[in-house]
Amino acid sequence: MPYAFGHLMGCWAFAKLYEKLRKYAFSHMEWGLLLFGSIVPDADLLIDWAFGTTIHRGVMHSLFFSIIAGIIVYGLATALKQKYKTFKPAAYGFAIALGILTHIILDMVLGRPGIRALWPSTMGFWLFGMAPYPPHTFFSNDIVRLMKFAIGDMALGTAWIGYFWLRKRIKF
Ligand SMILES: [Zn+2]
């Protein structure tokens, strides 16, 4: 289960390989969507902490979510195309779906209990196996507090990279 930076780097490696194999170059916007997609599934952890739910590694770690996010981005880009003529709805929808897919694959690499990739099925999948996804284990308050600091740190680092992307000061 990689964290924010593992996911960003994993997605970058996948996307670079894709560019090479397909002889394609992702645009600035597509890179932004790819990398955003590669970390957005773990926002379910924040939702769990904020609202006391237990959706982590559920719906937002599923193929369903990847497709829905692709359709939403496609729809938004289509609507905005009136104003921003250079927008490419299909490429943008594909980019976010691919970014989410890289997250799903990386989370499956490290094995049990995997993720609920076929949500709403309650089966947990990892690279070479599957088993019913276990009920959530609860950590001690100390560990949760430490994890919140670590995740806050990852959010800062990610926002920092996002800022460089926004200002076009970083190229992938
Ligand atoms: Zn994850």
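I started with R57, which lies in the loop between α3 (43-51) and α4. Helices here are DSSP runs of H or I with at least four residues, strands are E runs of at least two, and both are numbered from the N terminus. Residue numbers start from 1 along each chain as its sequence is written. The model is predicted, so local features need pLDDT of at least 70, side-chain atom pairs count only at pLDDT 80 or more, and totals for chains, interfaces and linings use all residues.

I read phi of R57 near 65°, a positive value in a residue other than glycine. Most residues other than glycine have a negative phi, and most peptide bonds are trans. Is R57 buried or exposed? R57 is buried, because 25 other C-beta atoms lie within 10 Å. My cut-offs: buried means 20 or more other C-beta atoms within 10 Å of the residue's own, exposed means 12 or fewer, partly exposed is in between, and C-beta atoms are placed from the backbone.

Next I checked K23, in the loop between α1 and α2. Phi of K23 is also positive, near 50°. K23 counts as exposed, because it has 6 C-beta neighbours inside 10 Å.

Then I looked up the cis peptide bonds. I found one from R112 to P113, with omega near -5°. Another cis bond runs from W119 to P120, with omega near 10°. P113 lies in the loop between α5 and β1 (123-126). P120 is placed in the loop between α5 and β1 too.

I turned to L63, in helix α4. L63 is partly exposed, with 14 other C-beta atoms within 10 Å. Which residues does L63 touch, not counting residues up to four places away in sequence? I got A117 and L118 (contact: C-beta atoms, placed from the backbone, within 7 Å). L63 and L118 are 55 residues apart along the chain, yet their C-alpha atoms are separated by 6.3 Å.

Helix packing came next. Two packed helices are described by the angle between their axes and the distance between the axes. Axes are lines fitted to C-alpha atoms, for helices over the stretch in contact, and angles run from 0 to 180 degrees between N-to-C directions.

I took α1 (residues 4-22) against α2 (residues 28-39): about 135°, axes 8 Å apart. The two helices are therefore oblique to each other (under 35 degrees is roughly parallel, over 145 roughly antiparallel, 65 to 115 roughly perpendicular, the rest oblique). In α1, the contact residues are A4, H7, L8, G10, C11 and A15, and they meet L34, L35, S38 and I39 in α2.

For α1 and α5, the axes come within 9 Å and cross at roughly 115°. G6, H7, G10, C11 and F14 in α1 meet G99, T102, H103 and L106 in α5. The classes for the contact of α1 with α5 are 3 nonpolar, 6 polar and no charged residues. Ala, Val, Leu, Ile, Met, Phe, Trp, Tyr, Cys and Pro count as nonpolar, Asp, Glu, Lys and Arg as charged, and the others, Gly among them, as polar.

Last, the core. A nonpolar core is a set of buried Ala, Val, Leu, Ile, Met, Phe, Trp, Tyr and Cys residues joined through C-beta atoms within 7 Å. The largest has 26 residues, and L33, L34, I96 and I100 touch the most other members. The largest share of this core, 9 residues, comes from α5. I96 touches L33, F36, G37, A69, G70 and V73, not counting residues up to four places away in sequence.

Key. Two residues are in contact if their C-beta atoms, placed from the backbone, lie within 7 Å.
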